[in-house]
Amino acid sequence: MGTGHLNFESFDGGLRRAAEDALGSLRELGRARKRVPVTLDPQIASVLARFLNTALERGGVAYGPLGTELSPSQAGKILGLSRPLVVRRMEDGRLPFHYVGTHRRCTLGDVLSLKAKEDEQNRLMTEIYQDFEIDDGNEQPDQ
């Protein structure tokens, strides 16, 4: 499922088996020391193509398990927000978190979900702003 520039892939069922097969083939390729053809399931090829395309278009990608725990500072780098704004989102319930001792932690999956929601809200607000933008100030109010 894609959301703006974020894609979420759930590897379960058939896709999980295809991913395991592809991983085995790619590991063999890494040991081969020469070019070897690899056959990929179409779904895996699609995921890999989107990954590489994003890396090339954006100059890199970040990846990791969705359950990875992040500090507010790390979450802020992904969200494009300062640490205090991330903490505010945690405290107002927009970003689920828990404490590890006295330190707040959230999961990568929750951060990406929040980013997707906020990116969509920003996109909609931009559309609304553009739709209602005043031309050049020459409009006269109705009398």
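Aspartate 119 is partly exposed, with a relative accessible area of 29%; here buried means under 20%, exposed over 50%, and partly exposed in between (1.4 Å probe, protein chains only). The model shown is predicted: local features need pLDDT of at least 70, side-chain atom pairs count only at pLDDT 80 or more, and totals for chains, interfaces and linings use all residues. Residues are numbered from 1 along each chain as its sequence is written, and side-chain values use heavy atoms, with hydrogens and water left out.

**View A. Lysine 115 and aspartate 119 meet in a salt bridge.** The N to O distance of this pair is 3.5 Å, where a salt bridge is a side-chain nitrogen of Lys or Arg within 4 Å of a carboxyl oxygen of Asp or Glu. Both residues belong to helix α5 and are four residues apart, about one turn of the helix. Helices (H or I, at least four residues) and strands (E, at least two) are DSSP runs, numbered from the N terminus. The structure holds eight salt bridges, and those that share partners join Arg89, Asp92, Arg94 and Glu118 into one network.

**View B. Arginine 89 reaches glutamate 118 through a salt bridge.** Their closest N and O atoms are 2.7 Å apart. This pair links distant parts of the chain, with arginine 89 in helix α4 (residues 83-91) and glutamate 118 in helix α5 (residues 108-131), 29 residues apart. Are the two partners buried or exposed? Arginine 89 is buried, at a relative accessible area of 12%, and glutamate 118 is buried too, at 13%.

**View C. Arginine 16 and glutamate 20 form a salt bridge within helix α1 (residues 14-32).** Here the closest N and O atoms lie 3.4 Å apart, and the partners are four residues apart, about one turn of the helix. Arginine 16 is partly exposed, with a relative accessible area of 46%; glutamate 20 is also partly exposed, at 46%.

**View D. Helix α3 (residues 72-79) has buried residues on the same side.** The buried residues are Pro72, Ala75, Gly76 and Leu79. They cover an arc of only 105° around the axis, so they sit on the same side of α3; the arc is that of the directions from the helix axis to the C-beta atoms. What do these residues pack against? Their partners are β3 (69-70), α4, β5 (103-107) and α5. Just after α3, look for glycine 80, which takes a positive phi of about 75°.

**View E. Three strands make an open sheet in the order β3-β5-β4.** The pairing is antiparallel, and two strands pair if DSSP finds at least two bridges between them. β3 and β4 (98-100) are the edge strands, each pairing on one side only. β4 and β5 are joined by three bridges, and tyrosine 99 stands opposite arginine 104 in β5.

**View F. Eleven residues make up the largest nonpolar core.** Such a core is a set of buried Ala, Val, Leu, Ile, Met, Phe, Trp, Tyr and Cys residues joined through side-chain atoms within 4.5 Å. Among its members are Leu70, Val86, Met90, Cys106 and Leu108. α3, α4 and α5 each supply at least two residues of this core, and α5 gives the most, with four. Leaving aside neighbours within four places in sequence, leucine 108 is in contact with Gly64, Pro65, Leu66, Thr68, Leu70 and Ile78, contact meaning heavy atoms within 4.5 Å.
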